[in-house]
Amino acid sequence: MSTYKLISWGANSHGQLGQDTIFEECVLPEEINLSECGLRPESVRKIVGGGGHTLILDADGCVYSCGWNDKGQTGVSGSEQTNVLTFRRLSFGDETVVDVCCGWDSSAALTKNGDLYLWGSNRYGQLGDNPSIHSSTSSPMRTVRSEKVKRISMGLRHTAVLTDNGNVLVCGANSKGQLGLTGAEGGQSRDARHCFTAVPGLTGMEDVACGEHHTVVTTQRGGAYTTYFFGDNKHGQAGLDPRVCARICPAHRSVLYDSRLGAPFQIHAGWSHTNILSDGAVYSWGRNSYGQLGRGKSQEGCDFWTMQRVENLPGIVQLSVGSEHNVALAEDGTVFCWGWNEHGNCGNGNTKDVLLPERLPLPRDSIGVLVGSGAGHSFAVIKTTN
């Protein structure tokens, strides 16, 4: 007989670990009591987090949230709910949610019908609405009514979605060009855009990932994976030498095709580093100040912007990326963490940055079945055979 548990570790200054308490750090994994909310650990399908809040999606299309709620980002109403310390189920009526994501203090949910709901902070227009009308909301707002949405991602304060037609729609902060909008299409301000706008020249896209101030979209054509980057490249997170290109517009593109890379192709963005998961291998590039590239050093050498495989990992089946740390699930159920560890984000019992992937200590006879992360906090669903 197998028993499933949801565990969490890392930053918990707003109750984002769902452990019904607040403290700065949780350096080792601890089980979450889910008895009050009705969430079954074995039904969890995705776990994501923002700066201080967390969303969980289950197999029935239900969404649960906890953590920092000063802008309504958990979706829990009431001015007294500044911090929500335990997971609570959100209501989307008859809608079945198939994906969720978080910005720093905002949230998004995608339904089976291709409808997009956004809530939380809208100070920069990241909810696709005018900030002078809604600066924040705890009630999910449906937006992008003109097209069905198939992929969603949120950065620090911007949002990017892909539609069924493969168009890329963006809104929110644009201070570093992360929306990919220039000239007239930039709209209200060159630094922000508060309604969803199509990025010119990008069609047939298949996936999207947002970092702090950069955006990555991908497509596969003729056997080659093509990635389009726009926004900040100060740390080489766009895969180009920042001494040549400190900021990227959509006209710049790089083809990431290599005999090492095979299907499926998934791209993940941290605040200022980028990862690819391909055929069980993880490749990384960008900022390495905290060891988030998994190269055994924390400084940014001359090759930090080039794609390299993360060594010392077995076959990886799932990858989750926080702001500056990474959590990976291996084929055999082992969980690995590396990168920024100031709040115990890597779960190894201390707060020293982890420069190479390390195994997460799990209870005896337990294996991981799913992992997730927020900016500085982490999760795993584990299975124990009794």
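In which loop is the place of D279? In this predicted model, D279 sits in the loop between β21 (273-278) and β22 (281-286). D279 has a positive phi of about 55 degrees, although it is not a glycine. Most residues other than glycine have a negative phi. With a relative accessibility of 58%, D279 counts as exposed, because the threshold for that class is over 50%.

A positive phi is also found at V144, which is not a glycine either; the angle there is about 50 degrees. V144 belongs to the loop between β10 and β11. Its relative accessibility is 10%, so V144 counts as buried. T143 lies in strand β10, which covers residues 136-143. T143 is likewise buried, with a relative accessible area of 13%. Apart from neighbours within four places in sequence, the contacts of T143 are L116, L118, L127, G128 and F196.

The largest pocket has a volume of about 1,100 Å³. Its lining comprises 44 residues, and K46, V48, D99, I267 and H268 are the closest to the pocket centre. Two or more lining residues come from each of β3 (44-49), β7 (97-102), β11 (149-154), β15 (207-210), β16 (214-221), β20 (265-269), β24 (316-321) and β28 (366-373). By residue class, the lining divides into 21 nonpolar, 16 polar and seven charged residues.

Two hairpins involve strands that contribute to this lining. Strand β4 spans residues 53-58 and pairs with β3 in the antiparallel sense over five bridges. Within this pairing, G49 has T54 of β4 as its bridge partner. The other hairpin is formed by β15 and β16, again with three residues between them. Here the antiparallel pairing extends over four bridges, and C210 stands opposite T215 in β16.

In a regular strand the side chains alternate between the two faces of the sheet. In β15, both faces are covered. D207 and A209 are buried on one side, and V208 and C210 are buried on the other.

The largest nonpolar core contains 40 residues. Within this core, the residues with the most contacts are L6, W9, I47, I56, F87, V282 and W338. At least two core residues are supplied by each of β1 (2-12), β3, β5 (63-68), β24, β25 (325-330), β26 (335-339), β28 and β29 (377-385). Among these strands, β3, β24 and β28 also give two or more residues to the lining of the largest pocket.

Strand β24 includes V317. V317 has a relative accessibility of 46% and therefore counts as partly exposed. Not counting residues up to four places away in sequence, V317 touches L277, L329, A330 and E331. The C-alpha atoms of V317 and G333 are 9.2 Å apart, with a separation of 16 residues in sequence.

E31 is placed in strand β2, which covers residues 23-31. At 49% relative accessibility, E31 counts as partly exposed. Beyond residues up to four places away in sequence, E31 touches K5, L6 and I7. One of these contacts, L6, is among the residues with the most contacts inside the largest nonpolar core. E31 and I382 are 351 residues apart along the chain, and their C-alpha atoms are separated by 9.7 Å.

Q292 is found in the loop between β22 and β23 (308-309). Its relative accessibility is 0%, so Q292 counts as buried. Leaving aside neighbours within four places in sequence, Q292 is in contact with H273, R287, E324, N326, W338 and G339. One of these contacts, W338, is listed among the residues with the most contacts inside the largest nonpolar core. The C-alpha atoms of Q292 and V100 are separated by 24 Å, and the two residues are 192 residues apart along the chain.

Technical notes
Residues are numbered from 1 along each chain as its sequence is written. This is a predicted model: local features need pLDDT of at least 70, side-chain atom pairs count only at pLDDT 80 or more; totals for chains, interfaces and linings use all residues. Side-chain values use heavy atoms; hydrogens and water are left out. Buried means under 20% relative accessible area, exposed over 50%, partly exposed in between (1.4 Å probe, protein chains only). Contact means heavy atoms within 4.5 Å. On a 1 Å grid over the protein atoms alone, a cavity is a set of points where a 1.4 Å probe fits but cannot get out, and a pocket is an open set with protein on both sides within 12 Å along at least five of seven lines; lining residues have an atom within 4 Å of a point. Grid points are joined across faces, edges and corners, and a volume is the space filled by probe spheres set on the points. Ala, Val, Leu, Ile, Met, Phe, Trp, Tyr, Cys and Pro count as nonpolar, Asp, Glu, Lys and Arg as charged, and the others, Gly among them, as polar. A nonpolar core is a set of buried Ala, Val, Leu, Ile, Met, Phe, Trp, Tyr and Cys residues joined through side-chain atoms within 4.5 Å. Two strands pair if DSSP finds at least two bridges between them.
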